[in-house]
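Me: I'm new to this one, so let's take a look together. Can you walk me through it step by step?

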Amino acid sequence: MRRLLVLGAGGHGKVVADAASAGRKWTVIEFLDDRYPEHGALEDWKVIARPADVAGLAGADDDVIVAIGDNARRLAVIEELLSRGVGVTVVTHPAAVISPRASLAPGCVVFAGAVINAGTRIGRGCIVNTGAIVDHDCRLDDAVHVAPGAALGGNVHVGRRSWIGIGASVRHGLSIGSDTMIGAGAAVVADIGDNAVAMGVPARVSTRRDSDGTVE
Ligand SMILES: CC(C)(COP(=O)(O)OP(=O)(O)OC[C@H]1O[C@@H](n2cnc3c(N)ncnc32)[C@H](O)[C@@H]1OP(=O)(O)O)[C@@H](O)C(=O)NCCC(=O)NCCS
């Protein structure tokens, strides 16, 4: 019996558990959530403890995945787990098409209908959401989220913790900085820097945040 422990029993966690249960690897899936014990179940899955308890709970037959939607928080939790020697797994829906010549670092999740093509390298804790396309030779740094239906052409680089919004497209060969948000439906046709919010067709930077979070 192999068990998957999912940290975070919200909407994103529900889709992570659903993707995991569609495959054959895990016979038991259980959640850990800060709202335990008030939050005791999600769909037909049990919430059994708080995330802080994971190190004591995870045995040799258990795998752990972090299902926190916020990119920065998800990465911080993954880094803390890894530093404490708790392994973090990868969850891929069986209906995702992932090239054997692509690589996924620990903590990644890939949902149904997503396609990841040859030569692409995906960092720790990334989300490749439902129906998203990441074409050949892309590089996604840690904790990037490619939202449902978004598409990256070949050789695109996305920096840490950036979010490509639902249905957005990024032309091949471009670079998107870290901590940047690309709006839903945007068409990115030029490089976008760090700490930016960009939206529209073609995408224009509307806001730039400093590293301390203040907005220009
Ligand atoms: C781009 C985005 C981050 C901006 O959020 P925001 O700063 O809260 O923006 P607001 O909703 O206050 O809108 C501000 C203006 O930008 C416009 N705008 C917002 N999002 C836009 C988008 N994606 N494309 C074009 N224009 C957009 C609004 O119409 C509004 O215009 P106005 O001032 O002329 O009325 C957000 O709208 C977005 O697209 N998020 C992506 C969400 C997503 O992909 N979710 C996936 C979940 S898995």
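Me: In which sense do strand β1 and strand β2 pair?

Reply: Quick background: this is a predicted model, where local features need pLDDT of at least 70, side-chain atom pairs count only at pLDDT 80 or more, and totals for chains, interfaces and linings use all residues. Residues are numbered from 1 along each chain as its sequence is written, and side-chain values use heavy atoms, leaving out hydrogens and water. Strands (E, at least two residues) and helices (H or I, at least four) are DSSP runs numbered from the N terminus, and two strands pair if DSSP finds at least two bridges between them. Strand β1 covers residues 3-7 and β2 covers residues 28-32, and over 5 bridges their pairing is parallel.

Me: Which strands are at the edges of that sheet?

Reply: The sheet is open, with 5 strands in mixed pairing, ordered β3-β4-β2-β1-β5. An edge strand here pairs on one side only, and that goes for β3 (41-42) and β5 (62-66).

Me: What angle does the direction of helix α1 make with that of β2?

Reply: Helix α1, residues 11-22, packs on the sheet and touches β1, β2, β3, β4 and β5, where contact means heavy atoms within 4.5 Å. Axes are lines fitted to C-alpha atoms, for helices over the stretch in contact, and angles run from 0 to 180 degrees between N-to-C directions. For α1 and β2, that gives about 165 degrees.

Me: Which helix gives the largest share of the lining of the second largest pocket?

Reply: On a 1 Å grid over the protein atoms alone, a pocket is an open set of points where a 1.4 Å probe fits, with protein on both sides within 12 Å along at least five of seven lines; lining residues have an atom within 4 Å of a point. This pocket is lined by 17 residues, with Asp34, Pro51, Ile68, Arg73 and Val77 nearest its centre. The largest share is 4 residues, and they come from α3.

Me: How far apart do the C-alpha centres of domain 1 and domain 2 lie?

Reply: The chain is divided into domain 1 (3-89) and domain 2 (92-208), with bounds from an automatic or database domain assignment. Across the divide, 17 residues of domain 1 are in contact with 19 residues of domain 2. Their C-alpha centres are separated by 23 Å.
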